[in-house]
Each structure stands twice: as structure tokens, then as C-alpha cells.
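Please open the structure in a viewer and keep the selection tool at hand.

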There are 2 protein chains.
Amino acid sequence: MKNEILRPSKRVYIISSAAVGGEKEKRGPIGKLFDLCGDDKFGKDTFEKSEAEMQKIAVRLALDKARLGANEIDCVFAGDLVNQCIPSAFGIGDFGIPFFGLYGACSTCAEGMIMAAVYSGSVADRCVSVTSSHYCTAERQFRYPLEYGGQRSPTSQWTVTASGAFVYSSLSDDVKRVHSDYVPEVVEVMPGRIIDRGISDSSNMGAAMAPSAADTLERFFSAGHSPDEFDLILTGDLGSEGSAILCDLLKVKEYDISRVHGDCGLMIYPEKGEDVHAGGSGCGCSASVMAADIIGKIGRGEAKNILFLATGALMNPLSVNQGLTIPGIAHLVHLKAVKKDEIN
Amino acid sequence: MKNEILRPSKRVYIISSAAVGGEKEKRGPIGKLFDLCGDDKFGKDTFEKSEAEMQKIAVRLALDKARLGANEIDCVFAGDLVNQCIPSAFGIGDFGIPFFGLYGACSTCAEGMIMAAVYSGSVADRCVSVTSSHYCTAERQFRYPLEYGGQRSPTSQWTVTASGAFVYSSLSDDVKRVHSDYVPEVVEVMPGRIIDRGISDSSNMGAAMAPSAADTLERFFSAGHSPDEFDLILTGDLGSEGSAILCDLLKVKEYDISRVHGDCGLMIYPEKGEDVHAGGSGCGCSASVMAADIIGKIGRGEAKNILFLATGALMNPLSVNQGLTIPGIAHLVHLKAVKKDEIN
């Protein structure tokens with residue numbers, strides 16, 4: 001395999017981000033860092049429309065922070081978990097930005113970051129990426145009707161009601177307008193491969209996705225990196241079950257990431273009291289944790305060298321009912337904090 | 001809006017393609033040009049697995065023609081119409097190629113071409129794009145159970161059972177191995193915007209998608225092109241209804257494309273006898289017409305300057321039932337036939 005690690009041709013920076021969440025997310029440890037938290041409905045009469053509205057608000061806020069209009073953006077990359085990705089289509093359509101729809105299950109946040117960085121660093125100057133998930137759209141689609149009140153297993157995760165949007169630019173004038181001392185640069189990206197280790201329990205996504213995260217990290221480290229370089233290796237919603245499996249799988253390969261590993265699914269809800277079992281999930285989970293918390297930490301120089309891996313389970317209820325196993329994928333984004341004064 | 005037309009940083013060529021189809025497609029006017037036509041089941045016990053198998057065969061054949069192994073490909077871009085794109089995940093997983101999942105409804109073929117061209121022309125050297133659709137997976141998911149035998153309206157289209165795969169390279173050694181006199185170069189691409197003109201009839205996708213094709217073409221022409229430059233302006237499955245609307249919409253803007261316009265949905269089935277109403281559709285339709293027919297025409301120098309626009313309707317049954325209209329999108333790819341001897 002060639003070119004496993006891809007590097008944008010021009011230097012690309014995340015010049016702004018915004019996170020929008022629901023009521024449960026507001027009560028979580030990073031709830032105060034969200035730009036806006038609503039009542040899960042966001043003024044709409046169906047949950048699908050509510051999810052679309054969250055994406056729209058997140059993109060609007062991120063553009064406002066970057067002091068850019070929608071007509072100054074070259075492309076937007078958007079995705080969600082709903083069949084045929086309708087929240088993205090209905091959420092982003094009004095902006096009139098050239099649109100690419102992505103589907104990578106919960107990995108879509110990192111998939112969009114990769115796309116936006118590659119495009120902003122080559123054929124385009126400025127891009128936006130956005131993803132969302134909503135407990136009420138995902139639950140009734142992937143599992144049971146909400147009214148049914150089905151029992152949840154200890155390894156199951158709670159789909160996060162949130163959206164996160166990011167604005168990327170390779171133009172130095174844009175970067176100079178950023179308010180923070182440090183700016184996150186997307187220095188390297190690595191797309192994931194589809195890994196299927198035979199897990200067929202759709203209530204244990206962590207186990208289905210952990211092997212793909214291990215595969216991507218192992219390929220990344222063997223291309224010349226070491227876990228010790230990083231302040232934080234952040235996986236997107238493996239939850240407690242998947243996180244433990246990931247650390248174990250990598251330990252066998254003699255990579256110890258446990259010292260610096262964090263998981264978005266374990267950061268968004270409090271440890272006790274919210275009944276989320278193995279943690280949060282959904283492509284709004286990692287997107288909102290990154291947009292609300294991590295981008296700010298990089299801006300203040302509290303985190304300087306970060307690996308972000310969003311993981312996805314590539315199944316639908318039909319594939320599970322047909323007896324198929326659950327393939328996983330994990331896309332990697334390597335972010336560095338660059339001192340704003342040093343950017344030309 | 002800036003950078004409306006995107007140009008790959010390095011020159012990118014389509015070095016091979018392959019088309020796989022079902023029984024009905026074999027009987028069509030281009031049936032003999034398919035690389036392989038099966039019995040719609042492709043040896044599998046569910047239609048979703050059959051669709052995955054079609055993608056796998058198409059990619060395998062395209063790689064074989066390019067005399068490349070899967071481990072020599074940097075990334076694959078794949079998509080289909082099924083909920084959460086499971087045919088792509090299950091069809092492409094075994095190759096072990098870094099994977100990006102796309103969702104753009106029937107526009108996904110052109111979306112994948114854009115991605116593969118941008119990546120092969122910047123951060124990568126070689127990419128693959130593949131899309132598929134299957135009458136039996138789409139019908140039961142978007143409309144009615146197959147056994148129900150629901151009546152179809154005159155504006156409805158027939159989802160094509162087919163898959164098309166393409167191999168792209170920016171390496172001149174790869175291009176030199178191509179057998180044809182001419183090689184298709186991806187010279188320009190233009191991502192579509194989401195356009196919603198209020199159509200809510202899910203049996204009239206042509207009307208829902210035509211305004212987005214008109215929008216993309218109008219933006220493309222106003223950036224310095226004219227319909228007269230092209231041998232062929234090929235839309236991906238607008239069908240008879242949508243094609244007529246597109247030509248009318250552009251005539252109002254004083255662009256006459258009727259002389260050079262063709263539509264994949266009208267090319268894949270015979271005019272009479274197959275009961276497909278307004279024509280074929282699905283992201284296997286445009287992919288297989290391009291892979292089976294158009295790429296060959298370019299190779300023989302019979303078509304030298306082509307615009308390909310795949311159009312998509314960004315809806316699902318839930319959005320229609322919730323009373324939402326059907327937004328459309330159309331991605332554009334500009335291909336030129338380049339004489340092989342002139343490529344360095």
C-alpha cells in the first residue's frame with residue numbers, strides 16, 4: 001500500500017468551529033462549552049427536521065465566528081446517520097454551497113475533516129465540514145420505536161443529539177483573523193480500511209469498531225510515528241467497551257496508548273446519572289466534542305499534538321437481520337497547534 | 001462564490017473501467033458492452049448481498065484491466081442507494097483499500113469521479129470510484145414490497161441493476177499501459193448545489209432533479225464554457241421527463257443543449273418493450289453507461305469532449321411522508337480524450 005498517510009498540498013487550518021446540542025448534552029461535563037443547546041426539537045415538528053436544524057445552526061455559527069459568508073465557501077462536506085442522509089440535505093441546502101454528501105456512520109466527522117483538509121489544500125481554499133446525530137432519529141431507525149421503551153444492554157451506547165461544524169482555510173488572511181493564540185493545523189490524515197472481525201451484536205458497536213481503530217493506528221504508527229509524540233489520542237465514540245478493546249489490541253502490537261487515550265463517547269456525558277451504559281455515540285458525538293472542547297484546548301495551547309480517530313460501524317438493521325457481521329472503519333486526523341504569530 | 005470549477009493539480013486520467021449488470025440491462029441497447037451480466041442474484045441469497053457482489057466484481061474487473069492490485073490503490077470512493085450504504089461496505093471491504101463512503105443518491109457516480117480526480121491529482125496517485133444500484137433493493141426500500149406489485153406512474157423510472165467502477169491515475173507509467181488510442185482525462189469538475197423547486201412527487205424524480213442539473217450547467221457555462229464545445233452533454237438518469245425539463249430550463253437562459261444532450265436513463269433500456277416508463281435510474285445507471293459505453297467511445301476517439309452530470313434526488317420515504325419536498329443535486333465532470341502518444 002502506498003501513500004498511507006496523506007498530507008494536504010498547502011497548509012490547512014481549522015479557523016472556526018461550532019457545537020450545537022440537546023438537553024442531555026447540556027447537562028454533561030462539556031455542556032457549558034457548546035455554542036448552543038436546545039430542547040431536542042429546535043422548533044420543528046419532526047425529529048428529522050430537528051436534526052437538520054441543528055446542522056444548519058452549527059454551520060451558521062461556525063461561519064459567523066470565521067466572519068465568512070456562505071458564498072465565500074468552496075465546498076461543504078456533510079453527513080449523518082439517517083437513511084439517505086436527509087438531515088444533511090435539508091440542513092445544508094439553503095446555504096447554496098457546493099455540497100458533498102458523505103456516509104461513514106459515526107466515522108463521518110473525521111471523513112469530512114479529511115475531505116475538507118484535502119480540498120482546502122489543493123483545488124479549493126475554504127471548506128466546511130459538518131455532521132450530526134439525534135437520539136430520536138437514530139433510535140427509531142436502527143433499533144426500536146421510541147415508545148416501545150426497549151431494554152438496553154450494558155454494552156450499548158446512547159446516540160448523542162448534537163452537531164459539530166468546522167471551517168477550514170488555506171488562506172493566511174483567514175488565519176490572521178482567528179482570535180486564539182494557537183490555530184489547529186491539519187498536518188496529516190489517514191483514511192481507514194474496512195475491518196470486520198465477525199462481531200454481529202448490534203448492541204455492542206464498541207467491539208465492532210475497535211479493531212478498525214487499532215488497524216488505522218497501527219498503520220499510522222508503523223509509518224514513523226509513536227504514541228508518545230501525542231498529548232491526546234482521541235477516538236470518536238468507542239465507549240467504555242470499545243476503548244478497553246482498542247487499548248488491549250494495540251498492547252499486543254506493543255503500542256501503549258493508554259496514557260494519552262481519550263474517547264469522545266466517554267467525555268460527553270457524566271460518568272453516573274445519565275444511564276447511557278457504555279457511553280455516547282453517533283456522528284454528532286465526536287463532532288461536538290471536537291468543536292466544543294478540543295478545538296478550544298488547541299487554541300489556548302493546552303493541547304499541541306493530537307490524533308483524532310472517528311470510528312464507524314457500517315451496518316443497517318437489514319444487514320443485521322440478514323445475519324451479516326458488522327464491519328468497522330476508523331479515519332484518522334492529525335492536528336497540531338501552531339502559534340498564530342508564526343503563520344505567514 | 002469562488003473556485004466554482006475545480007481543476008486537479010496534476011493531470012488525472014481514467015485508466016480503466018468495468019460495468020456489471022443484470023438480465024434486463026443485458027437486453028438493452030448497450031447490453032453487449034457490459035463486462036459481465038448476471039441473473040440479478042449473482043449467487044447470493046439476498047438482493048443486498050447481490051448488489052455488494054456486483055460492486056466487488058466491477059472493482060475486480062477494473063483493477064484487472066488496469067493490471068493493478070488492490071494494494072496499489074490509495075483510496076476507493078464508493079456509494080449506493082441502500083440505507084447506510086451497506087452494499088458498498090460489504091462489497092468493497094475485502095479489498096483492504098482505504099475507503100470513503102459517499103451518499104449523493106443517483107449523483108454518487110459523478111461525486112465519486114470528482115473525489116477520485118481531486119485525490120489522484122493531489123494527495124494520492126491512484127484511486128478507484130464505484131457505485132451500484134439494484135432494482136430489488138431500491139424498490140422495496142424506497143417504494144413498495146416487490147410482491148405488492150404496485151402500479152407505476154408514467155413519470156416513474158426503473159432502478160437499474162448494475163455497477164460501474166473506474167480506476168484513476170496521475171502516473172504516466174500507468175497511462176502508457178492503457179490499450180486504447182485515446183485516454184479520458186478529467187480536466188475539470190464542478191460540485192453541485194442542493195436545489196429544491198418544490199417537487200414532492202416521489203414518482204417524478206426527473207422533475208425533482210432537472211433544476212439542479214440546470215443550475216450546475218448554467219454555472220459551468222457562465223464561467224466561460226459554451227454548449228457548442230461539447231460532443232456530448234450526458235446527464236445521469238433524468239429520464240424522458242427530466243431531460244425535457246432540463247432542456248426547457250436552459251433554453252430560457254439562452255443555452256441550447258438539445259443538439260448534444262443525452263441521458264443515461266434513456267440509453268440503458270430499449271425505447272419499447274421493457275416497460276420502464278420514463279427511463280432508467282439509480283447510481284448504477286450512469287456508472288454502467290459511462291463504464292460500458294462512454295469510456296470506450298472516448299478511447300476510440302469517437303467522443304473527444306464530454307460533460308457528464310449525474311443527478312440525485314436527496315429524499316427518503318420518511319421525508320416524503322413528512323410532507324417535505326425533494327431537493328436535487330447534480331455534480332459535473334468534464335472529460336477530454338487525450339491522444340495516448342501525447343501524454344508524457
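Select A:D215 and A:R193 first: these residues form a salt bridge, with their closest N and O atoms 2.8 Å apart. A salt bridge is a side-chain nitrogen of Lys or Arg within 4 Å of a carboxyl oxygen of Asp or Glu. The model is a predicted one, in which local features need pLDDT of at least 70, side-chain atom pairs count only at pLDDT 80 or more, and totals for chains, interfaces and linings use all residues. Residues are numbered from 1 along each chain as its sequence is written, chains are lettered from A in the order in which they are written, and side-chain values use heavy atoms, with hydrogens and water left out.

Return to the selected pair. A:D215 lies in helix 7 (residues 205-222) of chain A, while A:R193 lies in the loop between strand 8 (182-190) and helix 7, 22 residues apart. Helices (H or I, at least four residues) and strands (E, at least two) are DSSP runs, numbered from the N terminus. A:D215 is buried, at a relative accessible area of 11%, and A:R193 is partly exposed, at 21%. Buried means under 20% relative accessible area, exposed over 50%, and partly exposed in between (1.4 Å probe, protein chains only).

Next, select B:K65 and B:D35, another salt bridge, whose closest N and O atoms are 2.6 Å apart. B:K65 belongs to helix 2 (residues 47-65) of chain B, and B:D35 to the loop between helix 1 (23-26) and strand 2 (36-37). B:K65 is partly exposed, with a relative accessible area of 42%, and B:D35 is partly exposed, with 32%.

Now display both chains and find where they touch. How many residues does each chain bring to the contact? Chain A brings 63 residues and chain B 64, where contact means heavy atoms within 4.5 Å. Between chain A and chain B there are zero salt bridges. On the side of chain A that touches chain B, 34 residues are nonpolar, 17 polar and twelve charged. Here Ala, Val, Leu, Ile, Met, Phe, Trp, Tyr, Cys and Pro count as nonpolar, Asp, Glu, Lys and Arg as charged, and the others, Gly among them, as polar.

Select A:C264, whose nearest cysteine sulfur, that of A:C285, is 5.6 Å away. A:C264 is buried, with a relative accessible area of 0%.

Methods: A disulfide is a pair of cysteine sulfur atoms within 2.5 Å.
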